[in-house]
Amino acid sequence: MHYCLSENIDAGGGGGSFPLGRFVMKATLAVSGSHYVLDAWNVMPDNPQVLEIHADGTYRRKGATPIRFIDNFGNRGRGTFSAGKATFHIDIDRVGTSDGGANIGRNYGTYDLKSRGCRWSQP
């Protein structure tokens, strides 16, 4: 199943906020029996760095499924996801930062994706 999110985000500080651009995230989840394979990526509009994660393990049909991974910058991560036919919720927690991968930390977080309207390819 494919899930996507594309939304405008703002940046700001003490002087107010301003439009930053579109945040895009895509996730692909395959489940076979009790085994899952998750591939996901996202990108902030103001930085060309793309966060990529790959995880596989035992899928929980009820409740959140835990994930552990090493991202494309060598950062160790963990989190959880819950998936349905139309929605996908993911919490991505960064555990450590590798050299050169510190800025990608903004791409970690909690996101709600939808299966409807997935039209984006990875940059």
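The side chains of N42 and N107 are joined by a polar contact of 2.7 Å. By polar contact I mean a pair of N or O atoms within 3.5 Å, where, within protein, one must be able to donate a hydrogen and the other to accept it, and residues adjacent in sequence count only if both atoms are side-chain atoms. Before going on: this is a predicted model, in which local features need pLDDT of at least 70 and side-chain atom pairs count only at pLDDT 80 or more, while totals for chains, interfaces and linings use all residues. Residues are numbered from 1 along each chain as its sequence is written, and side-chain values use heavy atoms, with hydrogens and water left out.

Back to N42. The residue sits in strand 3; strands here are DSSP runs of E, at least two residues, and helices are runs of H or I, at least four, numbered from the N terminus. Is N42 buried or exposed? Its relative accessibility is 0%, so N42 counts as buried. The scale is under 20% relative accessible area for buried, over 50% for exposed, and partly exposed in between, with a 1.4 Å probe and protein chains only. Leaving out residues up to four places away in sequence, N42 touches F23, V24, M25, Q49, V50, L51, N107 and Y111. Contact means heavy atoms within 4.5 Å.

Next, the salt bridge. The count comes to one, the rule being a side-chain nitrogen of Lys or Arg within 4 Å of a carboxyl oxygen of Asp or Glu. The partners are D46 and R106, with the closest N and O atoms 2.7 Å apart. D46 is in the loop between strand 3 and strand 4 and R106 in the loop between strand 7 and strand 8, so the pair links parts of the chain 60 residues apart. D46 is partly exposed at 41% relative accessibility, and R106 is partly exposed at 39%.

Now the aromatic rings. Six aromatic pairs turn up in a search of the whole structure. Rings of Phe, Tyr and Trp (its six-membered ring) pair if their centres lie within 6.5 Å; planes under 30 degrees apart count as stacked, over 60 as edge-to-face and the rest as tilted. F69 and Y108 are stacked, because their ring centres are 6.2 Å apart and their planes are at 20°. F69 belongs to strand 5 and Y108 to the loop between strand 7 and strand 8, so this pair ties together parts 39 residues apart in sequence.

On to the core. The largest nonpolar core has 25 residues, and among those with the most contacts inside it are M25, I67, F81 and F88. Such a core is a set of buried Ala, Val, Leu, Ile, Met, Phe, Trp, Tyr and Cys residues joined through side-chain atoms within 4.5 Å. Which strand gives the largest share of this core? Strand 2 does, with four residues. Apart from neighbours within four places in sequence, the contacts of I67 include Y36, L38, I53, F81 and I90.

Last, the strand pairing, which requires at least two DSSP bridges between two strands. Strand 6, residues 76-83, pairs with strand 7 in the antiparallel sense over seven bridges, and a hairpin of three residues joins the two. G77 stands opposite R94 of strand 7. Strand 7 also pairs with strand 8, antiparallel, over six bridges, and there T87 has K114 as its bridge partner.
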